[in-house]
Amino acid sequence: MAVGHVQGERDPVPVLMRIRAAVTESEGAPFAIEELEAGELRPDEVLVEVKAAGICHTDLICRDQWMPVPLPAVLGHEGAGIVREVGAFVTKVALGDRVALTFNSCGSCSNCLKGRSTYCVDIFGRNFGAARPDGTSALSREGELVHGHFFGQSSFATHAVAHVRSVVKLPEGVDLGIAAPFGCGIQTGAGGVLNSLQAPAGSSIAVFGTGGVGLSAVLAAVIAGCTTIIGIDVRPARLELARELGATHTIDAGAVADVGEEIRRITGGGADNALETTGVPGVLRTAVDALAPAGTCGVIGAPALGTEVALDVNNILAFGRVVRGIVEGDSIPELFIPSLLEQRRQGRFPVERMITFYDFDRIDDAVHDAEEGTAIKPVLRM
């Protein structure tokens, strides 16, 4: 097993196997598929043969250094695959198990112990540090360190050395290509409605942005029994899909003079809940202002670090409105991901409608289509 010290750029890493991985070399650089060495497992790690990996907006903003992830690195945090080896302390999965990969957490801080691991005190370090907590990486290239362990997994690769807390056992027979994006984007959008906002039956919700996260929220709002579900976007094709998936109303933000006023008209005074998934500060302001009295706006979209937004304090204070951040849909992945997959099995959560598959070698095509908006949720098949 690898020893616990801060790994230098040329420290030798005991080689477990050679893998193919998409390396992010520098800020904004294309993903380059290369052969890397994967080091031996620690006792709390799992080797997963990755069969599919979703591409998330977070991967792209980390590539572009909106979040200062150290480079070169292997990104990817929506993996799914098959367990090929387990560390000595691992009991939750066994060889041959089908698993999804999700975010990482420490498991021992007060929030983790309360079942709120999405707000782990080391959430940034464990997910964006692109290294083990001791600074080492299981990945190397000709003896030089390549940052891995992104979200405890780095799944843009044929194999991932994943922390056990990032591993979720899946039911037999689940399509791993469909299951992959449940590890972040899908559980974030759906959990934002079902766990964070706990939107009650008969309530109204406005979903700003109908990408993968937003459409997952629309589907969850249908499950929750919301009777007014408003999708807001600037792409007509996405709004059409939102209607097909259960949105009762849609608003083309590029075609109306005042989105907030249109929401107030539809709802008769404002939405009970809103989700902001775009990361655009002006959109967040609109989402908050479009709330009904005592309404709640969940903030999911991630802009660059340091981004600020201007809100009218009295508009929040006088009407009892709430603005709150949401990470990973406040989910306990081992419970929530299987429950969503069961909803899909029963035909009530058809997320496949927004997925487009790409071969691993076409990762840059998938990224291009995501950035252009022609693919809502690209998923790589390894």
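**Salt bridges in the predicted model**

Glu25 is partly exposed, with a relative accessible area of 37% (buried means under 20%, exposed over 50%, and partly exposed in between, using a 1.4 Å probe and protein chains only). The structure is a predicted model, in which local features need pLDDT of at least 70, side-chain atom pairs count only at pLDDT 80 or more, and totals for chains, interfaces and linings use all residues. Residues are numbered from 1 along each chain as its sequence is written, and side-chain values use heavy atoms, with hydrogens and water left out.

Glu25 pairs with Arg141 in a salt bridge, with 3.0 Å between the closest N and O atoms (a side-chain nitrogen of Lys or Arg within 4 Å of a carboxyl oxygen of Asp or Glu). Helices (H or I, at least four residues) and strands (E, at least two) are DSSP runs, numbered from the N terminus.

Across the whole structure, a search finds 24 salt bridges. One of them joins Glu37 to Arg18, at 2.9 Å from N to O. Because Glu37 belongs to strand S2 (residues 31-39) and Arg18 to strand S1 (residues 15-24), the pair ties together parts 19 residues apart in sequence. Glu37 is buried, at a relative accessible area of 8%.

A further salt bridge brings together Arg285 and Asp289 (2.7 Å, N to O). Both residues lie in helix H9 (residues 281-289), 4 residues apart, or about one turn of the helix. Arg285 is partly exposed at 29% relative accessibility, and Asp289 is partly exposed at 23%. Elsewhere, salt bridges with shared partners connect Arg18, Glu35 and Glu37 into one network.
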